Amino acid sequence: MKYIFNLFLVLSVGITINSCTKNTYENYPGGVPYEVVSVLDVRPLYKGQDITITKESVYGATNLAAVVVSDHTAGNIPEGLLIVQDSRRLNTIRGISIDMGAAAANYHPGDSLMIDIIGSTLTRKNGILTITGIPVSKIIPKGKGFVGINSITVPQLLANPDIYESSLCIINKSSLNPAPKPGDVISGAKNINDGFGDLTLYTDPNAAHANNTPLMLAAYVGIPFKKTDGSVELRTREGDDIVDMGTSAQDLIITGIQSDPKGGDGGNEYVQIMATRDIDFSVTPYSIVFCNNAGASTPTTLDAGWATGGKRTIKWDITSGTALKGKFFYFGFQNRKINGNAGTVSFPEETNWYGKTYLNVKGGPTNPGDGGLVRTSVFTESGPFANSGNACGVALFKGTSVTEASVPEDVLFIASGGNTGLYDPSKNPIQGYRICNNDWYSMYSIAIDPDTYKPVIVPYLHYRSAGNTTNMPYPVNAAHPDPSKADAGLFSMMGGVYNITLGRWTTARKQVVIELFQKTEDGHVAATIADIENDRGGPNDSLITRIVE
């Protein structure tokens, strides 16, 4: 009897398990599968061979609920493709192309659709991942929807084309590379460069905007497609998808920062700068402003940005001397050493050095800079750069008058922390440090207008605003991994490529930390200017910023 009972129990369990493995999604209490699947889940079904989409392959669902991003009006989107996207899962925008033939032109950006995909085929057609075999009768309009946009860089797109293919994307702050010549038009295959890499922009010669003149600096809103050879091209939908972003030309660029020399910092920190044109500072004066946002910095409210003063910002004016195109220029203080006051090597006499006096007596007089800010600056003996893990930065301004609204000529930030507010968009005016258009920061981005579904410019004018969070970490190396204890004279070399003709960076700056030894000992050679400038026979020439034309 006991044997019969146990046998019955085993058979019952087996039947239960078998019933759960068959149409699993139908056998949980209340387990009716949701009818909508995300594009994020559909795209991975293709693994190099055509696949028929079934309910089982899409987890019991039947439909895509997606919004249209294609527009065939201007004639620049591949003919016959309806392109839709959603952000249904993980709040991640993913898109896909649907082969609809002539009917694709009947749909417009913002159209919200419910698309029955069961029985259709997922394939690659002309290199593009495409769903085929969906008749118009399987598409139900659902009014208008929200159109999101993927804001990406060229390397992000090229490294992950399957992620961004057939979704609406923006490549911001880009220019044609090489620079357009008079009479050039946007038609055909052109290289655009966003400071991080080159991407093919394709405009059909018959498109309505094919004969438009290229812009010097633009945001390109478009849809990326893979080609049969695996390469990627971006296609704008119409002329309005190419948005004028003004200019990013800079006369002075920051190429290196000594923010923590060995020993006491006061009087020993400096900034390495390069001119992209000849400048006579007696005719065209500039100013340099440092910000320090340590926990004890006051005022706690950043009410005037770079012009706040107090313990937050300090300004010095540059009103004499010259800077020659392509040559290094330094702003520093009285000690003029390569690495700290105890170092054995000073900057050579012929160095283009603009020096100010920095008071560095502990508990002594505070440093007011050259004034002209909302409050008198009261920086202590430890130098203008913070070393505490809190954010600090340096900005160059054309002219000696700096206000909350002043836009820097160039600006870079170290770190992002701090107990005092760096950015508060709830205030009017917004409280924060203004940025400029350079390789690291963009004053404007693009959103899609919810009424017209066309690109609109959105200002992001401050550090820590959307898209403007890039910063260099406090310099460390293998020998000095703790930034709070480094104190080793680690120089932040900011190497990149600036194109004078384009008026922009074609290779964004990258921080490379160089240890500058104070003296020759323990197998090390005392650092000289050749360590941080090129064409002097030093070891770091390939890492140093250069300008091209």
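Which residues have the most contacts inside the largest nonpolar core? They are I288, F290, W306, F331 and F413, in a core of 53 residues. The model is predicted: local features need pLDDT of at least 70 and side-chain atom pairs pLDDT 80 or more, whereas totals for chains, interfaces and linings use all residues. Residues are numbered from 1 along each chain as its sequence is written, and side-chain values use heavy atoms, without hydrogens and water.

A nonpolar core here joins buried Ala, Val, Leu, Ile, Met, Phe, Trp, Tyr and Cys residues through side-chain atoms within 4.5 Å; buried means under 20% relative accessible area (1.4 Å probe, protein chains only). A second, separate core has 27 residues, including Y46, V58, L82 and I98.

Aromatic pairs, of which there are 27, are rings of Phe, Tyr and Trp (its six-membered ring) with centres within 6.5 Å; planes under 30 degrees apart are stacked, over 60 edge-to-face, and the rest tilted.

| Pair | Centre to centre | Angle of planes | Class |
|---|---|---|---|
| W316 and F331 | 5.8 Å | 40° | tilted |
| W316 and Y358 | 6.1 Å | 50° | tilted |

W316 in strand β21 and F331 in strand β23 are 15 residues apart. Y358 lies in the loop between β24 (353–356) and β25, so its pair with W316 ties together parts 42 residues apart in sequence. W316 has a relative accessible area of 3%, and F331 has 0%.

Definitions and conventions
Buried < 20%, exposed > 50% of the residue type's maximum accessible area, 1.4 Å probe, protein only. Helix = DSSP H or I, 4+ residues; strand = E, 2+ residues; numbered from the N terminus.
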